[in-house]
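Work through the exercises below with the coordinates open. Each task is followed by a solution in steps.

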Amino acid sequence: MIVKTKKYALDQKTYINIALRQWVKENWKWAFVPLALIILNVVLNLTNVYPNYWIYIVIVLLTVLYVLFWAVQITGISQMEQSKALFQKYIYEIDSRQILMRINAKEGGILKWAQIDSVIKDKDAYILFLDSGDALNNVKANWFAKTVTKGLSKAQFIYLPFSIFNSENDLRFTDALLRRKGLLPGGVPAETAVK
């Protein structure tokens with residue numbers, strides 16, 4: 001069976017919101033670093049070992065700058081010429097072999113299931129995150145460029161709202177297919193099922 005969706009284009013605002021939300025989910029644990037530094041400074045101030053107040057400003061400023069850096073990176077992706085393909089209108093044809101993304105009858109691209117790292121079933125859409133591991137291994141760049149590229153790995157995704165599916169059967173088939181591929185919880189990965 002092939003599921004054919006309605007034509008859909010991801011808007012930039014939705015893209016930025018999802019990418020920022022994913023970045024926060026991936027990096028929330030780093031919030032403990034400035035928190036620990038502030039607590040350490042409070043202890044040093046209270047014991048008069050090293051009384052200062054400028055460190056609070058520096059910690060807050062650096063934290064805000066760090067978050068703003070990543071917000072600018074994610075927003076910048078949506079503005080780049082190379083990212084135009086993310087925001088074009090596609091008709092998605094989903095089957096057990098691949099996802100065919102058609103712009104029209106003659107133009108489009110193929111996305112193999114192996115290229116999808118994970119899937120989140122949101123309240124109103126599927127979010128398919130692409131696997132960028134192979135691309136990162138082949139990149140010859142300095143440590144800063146590799147760090148930024150790795151930090152933006154969850155910013156590469158396909159957003160499939162439930163409203164673009166033509167029927168409930170198409171939605172159920174897609175859900176079952178994602179579970180069978182091991183991309184949604186409750187499914188058995190194909191490699192495990194064969195053994």
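**Exercise 1.** Determine whether Ala125 is buried or exposed, and list its contacts remote in sequence.

Solution. Step 1: Ala125 has 0% relative accessibility, so Ala125 counts as buried (buried means under 20% relative accessible area, exposed over 50%, partly exposed in between, with a 1.4 Å probe and protein chains only). The model is a predicted one, in which local features need pLDDT of at least 70 and side-chain atom pairs count only at pLDDT 80 or more, while totals for chains, interfaces and linings use all residues. Residues are numbered from 1 along each chain as its sequence is written, and side-chain values use heavy atoms, with hydrogens and water left out.

Step 1: Ala125 lies in strand S6. Helices (H or I, at least four residues) and strands (E, at least two) are DSSP runs, numbered from the N terminus.

Step 2: With neighbours within four places in sequence left aside, Ala125 contacts Ile120, Tyr159, Leu160, Pro161 and Phe162; contact means heavy atoms within 4.5 Å. Leu160 is 35 residues from Ala125 along the chain, and their C-alpha atoms are 5.4 Å apart.

**Exercise 2.** Describe the sheet that contains S5, S6 and S7.

Solution. Step 1: The sheet is open, has three strands in the order S5-S6-S7, and is paired antiparallel (two strands pair if DSSP finds at least two bridges between them). Its edges are S5 (116–121) and S7 (157–161), each pairing on one side only. From one strand to the next the twist averages 15°.

Step 1: Five bridges connect S6 (residues 125–130) with S7 in the antiparallel sense. Phe129 has Phe157 of S7 as its bridge partner, and Leu128 has Ile158 of S7.

Step 2: In S7, five of its five residues are buried. Phe157, Tyr159 and Pro161 are on one side of the strand, with Ile158 and Leu160 on the other.

Step 3: Helix H1 (residues 12–27) packs on this sheet and touches S5, S6 and S7, its direction making about 120° with that of S7. Helix H6 (residues 168–180) lies across S5 and S6 and runs at about 35° to S6. For such values, axes are lines fitted to C-alpha atoms, for helices over the stretch in contact, and angles run from 0 to 180 degrees between N-to-C directions.

**Exercise 3.** Characterise how helix H3 packs against H1 and against H2.

Solution. Step 1: Two packed helices are described by the angle between their axes and the distance between the axes.

Step 1: The axes of H1 and H3 (residues 54–79) come within 10 Å and cross at roughly 145°. The crossing of H1 past H3 is right-handed (left-handed if the near helix is turned anticlockwise from the far one by less than a right angle, right-handed if clockwise).

Step 2: On the H1 side the contact includes Tyr15, Ile16 and Trp23, and on the H3 side it includes Tyr66, Trp70 and Ile74. By class, the residues of this contact are eleven nonpolar, four polar and no charged. Ala, Val, Leu, Ile, Met, Phe, Trp, Tyr, Cys and Pro count as nonpolar, Asp, Glu, Lys and Arg as charged, and the others, Gly among them, as polar.

Step 3: H2 (residues 32–46) packs with H3 at about 180°, with the axes 10 Å apart. H2 and H3 are therefore roughly antiparallel to each other (angles under 35 degrees count as roughly parallel, over 145 as roughly antiparallel, 65 to 115 as roughly perpendicular and the rest as oblique).

Step 4: Pro34, Leu37, Ile38, Asn41, Val42 and Asn45 of H2 meet Ile55, Tyr56, Ile59 and Thr63 of H3. This contact has seven nonpolar, three polar and no charged residues.
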